[in-house]
Amino acid sequence: METLTGMERTAQCGELRITDVGKEVQLAGWVSRRRDHGGLIFVDMRDRSGIVQIVFDGSTEGLDFAKAETLRNEFVIGVRGSVRARSEDTINPKMATGEIEILVAELRILNKAKTPPFYIQDGVDADENVRLRYRYLDLRRPEMQRNIMLRHRVTKIMRDYLDANGFLEIETPMLCRSTPEGARDFLVPSRLNPGQFYALPQSPQIFKQLLMVSGFEKYFQIVRCFRDEDLRADRQPEFTQLDIETSFLNQDQILTLMEGLIKQIFEATLDVEVKTPFERMSWEEAMRRFGSDKPDMRFGMELQDISELVKGSEFKVFNSVLENNGQIKVIRVEGYADIPRRELDGLVEYVKTYGAKGLAWIQYSAEGVKSPFKKFYSEETFEAVKKATGCETGDLLLVVGDKPSVVAQALGELRLEMARRRGLIDPNKLCFLWVVDFPMFEYVEEDKRYKAMHHPFTSPREEDIDLLLTAPDKVKANAYDIVLNGVEVGGGSLRIYRRDVQEKVFEAIGLTAEEAHAKFGFLMDAFEYGTPPHGGIAFGLDRLVMLMAKRKSIRDVIAFPKTQSAIDPMSHAPGEVDEKQLRELYIKTAVKKK
């Protein structure tokens, strides 16, 4: 096989323009497409920068044309040739290099290639498992390379922005103590300490707080985190986040600083204007209006409560809901009173997947009101509902009655589904939102105890500290999430920095003093040595870049991701290890080898 010696490249394929006409260049890359026209062979040559057309002319003196005839897709080649302008009728406006081509004088075949299992091109129609099995080929595709390059630019801007604002990038340990609050830990056995295990960090939370105790004041890290949890499109067992912590700043200052970061990222990489400050909304308002703590603000269709308007009737379904402290809420779908019945039946099944027992509706059609509960209410009631919800003739109301948490979940998801079906979501619109004033705790019925809604190091509001042990359901946290187009891309809080408050929070979530000391004693001890007020935030880098690249899965913006079964089809991880390795780690497995 030939080498590039003496033909080191002088330009990249995607950089050449009409101003380069007449230059002799040396290029290296892959054969993306080949067209044989007899005495002429046209090849689209690709490298990371883009594609350029190269031409092999059988009449070119000194050119081994027979060698050019052997070229196939994905061969790696080097060429020397001259840049020339294309004739006006052959210009390709879809290519950045479409005004020029390279007349090749010398060709070197650096490596041959088998026929790939799918086309190396944008929009490939290939099963994702096949793409992941041959990820090194999938990553050659221009759209995948653009995704990874976008990710690089985003992280570069993050580092530059935080450095300019006085932050230090500091690494924290990958091998930590297991603190099983939240998702499951990935455990790592310690050979030097038989029977004991490290855990891979779910986040650097404790360590970044200790860095504040250490007096560094402003820390950040682009860090790998690990959670052993069930996966979906926006989850991976290992993921990357931008982790930030800072001392002596209040919540408003932290949020303003982060808005500046987001603004710089989007304007520098996507050339889109981001207006600041972002809207802020309490958790209670978000749940009331949208049924979600990460509402998509690109369209309306807010949840509206009609409980007072429909109570006290002969309709037992609604009466039972209201008597059991439930609520009746609706969403208004404009201009869809003529919805087909089979679609309504499908929506009934749709909301059941989110815990609702059923779905009702009111159609304000030109022929009058249509509703499965019409006989239980007067015309005046339906008119009152119409007026209260802003309905007009031709509109549809979709109705869910249940306990508040079920109504929020089912109707919130139905809101998103109807917006998708009705084409109400502008894919080019950016709606940033801060959700603030979260509840400090949520009650876990299965465990019969409270748990921290964010994490147990989140600071309660000063005025709520006395309620931690007497009325934990009434305590609000100094927590905040940043939401983009209905997706949470980051979250953080002010932190507890006093030992007495931290002990109360541990007690509120059911940890005994002994358990708290065993798991977090070193942090509690640190709080006794002059800990400054501090707070921080973490951004999901994978999720943020996914939204910026307009992809549906974070797997499209991670170089080597895993499937939803946490498997890497390319490297076949995870895999079995031999008995010797297990003995060295003092481990036995109950799973029989295949």
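Okay, let's start at Pro 574, which sits in the loop between α15 (541–548) and α16 (579–584). The peptide bond joining Ala 573 to Pro 574 is cis, with omega about 0°. Keep in mind throughout that this is a predicted model.

Pro 574 comes up again when we look at pockets. The second largest pocket has a volume of about 710 Å³. It is lined by 16 residues, and those closest to its centre are Pro 574, Gly 575, Glu 576, Val 577 and Leu 582. What is the lining made of, in terms of nonpolar, polar and charged residues? We get eight nonpolar, two polar and six charged.

Let me step back for the overall picture. The protein has 594 residues, and 47% of them count as buried. If you box up the C-alpha atoms along the principal axes, you get roughly 95 × 75 × 55 Å.

Now, back to the backbone. Most residues other than glycine have a negative phi, and most peptide bonds are trans. So here are some further spots to look at. Thr 276 to Pro 277 is a cis peptide bond, with omega near 0°, and Pro 277 belongs to the loop between α6 (251–269) and β11 (279–282).

Then there are two residues with positive phi. Met 301 has a phi near 55°, and you'll find it in the loop between α7 (283–290) and β12 (304–305). Lys 448 also has a phi near 55°, and its loop runs between β18 (441–444) and β19 (449–452). Buried or exposed, then, for Met 301? Met 301 is buried, because its relative accessible area is 12%, under the 20% cut-off. Lys 448, at 55%, is exposed.

On to salt bridges. Glu 106 pairs with Arg 80, and their closest N and O atoms are 3.2 Å apart. That pair links distant parts of the chain, with Glu 106 in strand β5 (residues 100–111) and Arg 80 in strand β4 (residues 76–85), 26 residues apart. Glu 106 is partly exposed at 24%, and Arg 80 is partly exposed at 23%.

Next, Glu 417 and Arg 421 meet at 2.9 Å, N to O. These two both lie in helix α12 (residues 404–421), four residues apart, about one turn of the helix. Glu 417 counts as buried at 15%, whereas Arg 421 is partly exposed at 40%.

Then we have Arg 499 with Glu 528, where the closest N and O atoms are 3.2 Å apart. Arg 499 is in helix α13 (residues 499–508) and Glu 528 is in the loop between α14 (513–526) and β22 (534–540), so this bridge ties together parts that are 29 residues apart in sequence. Glu 528 is exposed, at 53%, and Arg 499 is partly exposed, at 21%.

There's also a network of salt bridges, and its members are Arg 131, Arg 135, Asp 138, Arg 141, Glu 143, Arg 551 and Asp 556.

Last stop, the surface. Met 174, Leu 175 and Tyr 198 make up a nonpolar patch, with about 240 Å² of accessible area together. Tyr 198 is part of strand β8 (residues 197–199), and at 32% relative accessibility it counts as partly exposed.

Definitions and conventions. Residues are numbered from 1 along each chain as its sequence is written. This is a predicted model: local features need pLDDT of at least 70, side-chain atom pairs count only at pLDDT 80 or more; totals for chains, interfaces and linings use all residues. Side-chain values use heavy atoms; hydrogens and water are left out. On a 1 Å grid over the protein atoms alone, a cavity is a set of points where a 1.4 Å probe fits but cannot get out, and a pocket is an open set with protein on both sides within 12 Å along at least five of seven lines; lining residues have an atom within 4 Å of a point. Grid points are joined across faces, edges and corners, and a volume is the space filled by probe spheres set on the points. Ala, Val, Leu, Ile, Met, Phe, Trp, Tyr, Cys and Pro count as nonpolar, Asp, Glu, Lys and Arg as charged, and the others, Gly among them, as polar. Patches are made of residues with over 30% relative accessible area and no salt bridge: like charges are joined within 9 Å, nonpolar side chains (Val, Leu, Ile, Met, Phe, Trp, Tyr) within 5 Å. Accessible areas come from the Shrake-Rupley method with a 1.4 Å probe; for residues, only the protein chains shown count as cover. A salt bridge is a side-chain nitrogen of Lys or Arg within 4 Å of a carboxyl oxygen of Asp or Glu. Buried means under 20% relative accessible area, exposed over 50%, partly exposed in between (1.4 Å probe, protein chains only).
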